Amino acid sequence: MLQVALIYPEIPPNTGNIARTCAATNTHLHLVEPLGFEISDRQLKRAGIDYWDYVNVTVHPNIESLREASKGGRWICFSARGAKHFREFQYQDGDWLLFGSESSGLPQEVLANNPAVYIPMENPNVRSLNLSVSAALGLFEARRQLGI
């Protein structure tokens, strides 16, 4: 099964929207602290609508905890600095799709030790896509390739 992990997410509605996507696809969502909000945040709950009961969420106190939970799975980093187009990458069952914080992306030590993919953007003045859009694109491409 695919997994989605958000490393240090900051904006509640983004995480809520990603949780909603994970609920719709039965994808486990992992959040790595520190978070830029409380799990009980009203905006987070509103973005997830009434689907929170259907989201399998694990909150990890640090990256080491996530690494321990993901043993046996590959970490695939989504980054504007990725080396391979996200549609050209070959996803595998058991992959962990990692997304960084809205302001700084994934930590350098995570990017340096794992494959990194990018989502192309035609306008050079745009630094990145919205986190929830990126997570949905990545998750649905991986699912498409795996025939899910």
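Close-up 1. Arg144 is exposed, with a relative accessible area of 55%. In this predicted model, Arg144 makes a salt bridge with Glu141, and their closest N and O atoms sit 2.7 Å apart. Is Glu141 buried or exposed? Glu141 is buried, since its relative accessible area is 7%; the cut-off for buried is under 20%.

**Close-up 2. Helix α5 from end to end.** How far apart should the ends of this helix be? At 1.5 Å a residue, the 16 residues of α5 should span 22 Å, and the end C-alpha atoms are 23 Å apart, which agrees. The buried residues of α5 include Leu131, Ala135, Gly138, Leu139 and Ala142. Which elements do the buried residues of α5 pack against? They pack against β1, α1, β4 and β6.

**Close-up 3. The largest nonpolar core.** In soluble globular proteins, nonpolar side chains tend to be buried together. Here the largest nonpolar core has 26 residues, and among those with the most contacts inside it are Val4, Ile18, Leu29 and Phe78. Who supplies this core? β1 (3-7), α1 (12-25), β2 (28-32), β4 (75-78), β6 (96-99) and α5 (131-146) each give at least two residues. Apart from this core lies another one, of 13 residues, with Ile63, Trp75, Leu98 and Val110 among them.

**Close-up 4. Phe78 and its contacts.** Take a look around Phe78, one of the residues with the most contacts inside the largest core. Leaving aside its neighbours within four places in sequence, Phe78 touches aromatic residues including Phe86, Tyr91 and Phe99. Leu97, Leu98, Leu106, Val117, Ile119 and Gly138 are also in contact with Phe78.

**Close-up 5. Asp95 and Arg74, a salt bridge between two loops.** The side chains of Asp95 and Arg74 meet in a salt bridge, at 2.8 Å from N to O. Asp95 lies in the loop between β5 and β6, and Arg74 in the loop between α3 and β4, so the pair ties together parts that are 21 residues apart in sequence. With 1% relative accessibility, Asp95 counts as buried, while Arg74 at 26% counts as partly exposed.

**Close-up 6. Phe89 and the residues around it.** Phe89 is found in the loop between β5 (84-85) and β6. Phe89 is buried, with a relative accessible area of 9%. Beyond its neighbours within four places in sequence, Phe89 is in contact with both Arg74 and Asp95, and also with Ile76, Lys84, Pro115, Val117 and Gln145.

Close-up 7. How many salt bridges does the structure hold? There are three, and one of them joins the side chains of Glu68 and Lys71, at 3.3 Å from N to O. Glu68 is exposed, with a relative accessible area of 51%. Lys71 is exposed too, with 63%.

**Close-up 8. A nonpolar patch on the surface.** Met121, Val126, Leu129, Val133 and Leu137 form this patch, with about 330 Å² of accessible area together. Val126 lies in the loop between β7 (116-118) and α5. At 38% relative accessibility, Val126 counts as partly exposed.

Note on methods:
Residues numbered from 1 in each chain as written. Predicted model: local features only at pLDDT ≥ 70, side-chain atom pairs only at ≥ 80, totals over all residues. Heavy atoms only, no water. Core = buried A, V, L, I, M, F, W, Y, C linked by side-chain atoms within 4.5 Å. Buried < 20%, exposed > 50% of the residue type's maximum accessible area, 1.4 Å probe, protein only. Helix = DSSP H or I, 4+ residues; strand = E, 2+ residues; numbered from the N terminus. Contact = heavy atoms within 4.5 Å. Expected span 1.5 Å × (residues − 1). Patch = residues over 30% accessible without salt bridge, like charges linked within 9 Å, V, L, I, M, F, W, Y side chains within 5 Å. Areas by Shrake-Rupley, 256 points an atom, 1.4 Å probe, with all protein chains shown as cover. Salt bridge = Lys/Arg side-chain N within 4 Å of Asp/Glu carboxyl O.
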